[in-house]
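Here are some working notes for your review. Please read them with the model open.

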Amino acid sequence: MSLALARKYRPRRFADVAVQSHVANTLRNAIAGDRLGHAYLFCGPRGTGKTTLARVLAMALNCERKRPDHEPCGECPSCTRIWSGSTSLDVVEIDAASNRGVDDARELRERAMYAPSGNDTYKIYIVDEAHMLTREAWNTLLKILEEPPPRVIFVFATTEPNKIQQAAAPVLSRLQRFDLKRIGPADVRTRLIAVLATEGIEAQPDALGMLARAADGSMRDALSLTDQVLSLGGGMITAERVREALGLVHEDEHLALLDIIAERRAGDVFAAVGRLADMGVDFAILLGDFASLLRAQLAIVLGGTMPDLSDRLKDELPRRTKVFSAGDLLRMLNLVSEVEPHLRRSAQQQMLFEMLLVRFALLDRTVDLESVLRGLPDDTRGAGAAGSSSSAGRSSSGATAGAPMRASARALFASPAPPAPARVSISASPVASSPTPPSRRMAPPSSVGDAPAVPAVADRPAAKQALVPLDINRVAEHWDAIIDSVNADHRALLLSSTLAHATPTAVTAAGSVTLTVESESHAEIIAGGEALIIGALRRRFDGVHKVIVRTVIPEGDRAPRRLNETAVKADRMATLRKQSPLLDAAVDALDLELLD
């Protein structure tokens, strides 16, 4: 049986480890200067060379042919055993994922007390997935890591050093830490060319680029994916074979979706996405690839360096620079970042992807807030400022916000819940003058910047809709719409952003809905807004009487959590409203939200 490419072409010398020269040179110089540490911690993403560097270090220290450059020969029996992961008296590899308890750590400590097999060799323990060790296991190793026996070296490899910090912070001060870099597509492509040349296999440049991007910074993944493509059959590696092996969508499909957005053909989204669904695409992968396409288009629009693209995309994307503005592309990427976590855990991935593309196609309904404010008559501005300054608890000395913001016509993208009575639409007609501050009902403007007309929506009682029986699956399915309903009806920005981190986990026949969060602060905010949440639920579900908040803090994640981007944005909006009475009045009148 032949070896996999990832094992067959594992580096045997420090100089062969791609990209990680800052670690390789330090280790080689430490050997040359006899300044070896007794314990190392190698951190970095998967497939970047952590275990490989540990093995090369062990090979260099125990090589039977001592070379002047302190590189291992890679050919002697000692180097061969260590490189292949075979049994060696002086080099022991341990998988901490399956040997993570205190008994395993105690056994490791006792074995480390034995001297190496030779007078000029080292005993080296390589512990992979070190973040899986328990707190008790780290405490067992603490003393021997501080004062190890002579010629004993520990090497820990991990992808999540933060878990070691949480479980055993004192250990880190006893280790020399090295952070390995992600391997860029250009370096991955260079390595693949060398490997395939050795194997006598030809490959198209576009195919190599697709493999390098799919590897996502991991050299091991790149070689494993190449093995997967080769399993389809011999001959040249083509872009079509890579798409077939990895389940990727053809570039023409991405360009077709981009053209639908550019031409504002929102109605064509459903047929296009339906065709992709019939092809059996993974919508999570499709969304990631489409986000990469938007990012590349943004870079080209801004005149930056063209990303690593196929020849076809390099020809097609520059032709669309006049169709998309940088602001629209930024908003689309921001929407992708908001939808992606929901899409990955949703049972309605196709629907979420269709909704996202429809929102992209309707971005022409978004206008500049500065343009809206410029369209307001002077007397309206003054009256709005005077009315706001007289309100209790508001400051009248704040300066007008200088950061550009965007106002979206939220009525286009609102949830199916009944519209709030304070909604107003923006259309293309002159703003009606009013001697009083802008109220929640005002004449729709007809000319705001270059935005096309949007039909005005008069405030009217919403049609009563049939209530749905209370069921946990239905609550989970409509949870995003319920959050939008809380935000739209009550403008509770902090509460709605906090609800995005809550998960409906149970309902009872008595009408209780249980929400699970991972933060005590989130639980307090949700408990304070229970009445608003119950109101939003009652507009959709029958028999809701109570909301129960349950806090479940993940193991090893007891440290205080930072504010998320949504909460920071809400605080920023509140600060701007206090600083500017005019902005405060405009937010209430036009139902604005802070986007940029």
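1. Start with the helices around the second largest pocket. α10 (205–215), α11 (219–230), α12 (239–246), α13 (251–262), α15 (283–301) and α17 (326–344) each supply at least two residues of its lining. The model is predicted. Keep that in mind throughout.

2. Which helix gives the most to the lining of the second largest pocket? That is α15, with eight residues.

3. Now the pocket itself. The volume of the second largest pocket is about 900 Å³. Its lining counts 29 residues, and the closest to the centre are Arg213, Ala214, Gly288, Asp289 and Ser292. By type, the lining of this pocket holds 14 nonpolar, four polar and 11 charged residues.

4. Next, the geometry of α11.

5. The N-terminal end of α11 has a cap. Ser218 provides it: a side-chain oxygen lies 3.1 Å from the backbone nitrogen of Asp221.

6. Which residues of α11 are buried? They are Met219, Asp221, Ala222, Leu223, Leu225, Thr226 and Val229. The cover over these buried residues includes α1 (5–8), α9 (185–199), α10 and α12. An α-helix has 3.6 residues a turn, so residues three or four places apart point the same way.

7. Asp221 deserves a separate look. This residue lies in helix α11. Is Asp221 buried or exposed? Its relative accessible area is 18%, and the cut-off for buried is under 20%, so Asp221 counts as buried. The side chain of Asp221 makes a polar contact of 2.8 Å with that of Arg46. Neighbours within four places in sequence aside, Asp221 is in contact with Arg46 and Ala215.

8. Which side chain is joined to that of Glu251 by a polar contact of 2.5 Å? The partner is Ser310. Leaving aside neighbours within four places in sequence, Glu251 is in contact with Arg243, Ser310, Arg312 and Leu313.

Technical notes: Residues numbered from 1 in each chain as written. Predicted model: local features only at pLDDT ≥ 70, side-chain atom pairs only at ≥ 80, totals over all residues. Heavy atoms only, no water. 1 Å grid on protein atoms, 1.4 Å probe; cavity = no way out; pocket = protein on both sides within 12 Å on 5 of 7 lines; lining within 4 Å. Points joined across faces, edges and corners; volume = space filled by probe spheres on them. Helix = DSSP H or I, 4+ residues; strand = E, 2+ residues; numbered from the N terminus. Nonpolar A, V, L, I, M, F, W, Y, C, P; charged D, E, K, R; others polar. Buried < 20%, exposed > 50% of the residue type's maximum accessible area, 1.4 Å probe, protein only. Polar contact = N/O pair within 3.5 Å; in protein donor to acceptor, adjacent residues only side chain to side chain. Contact = heavy atoms within 4.5 Å.
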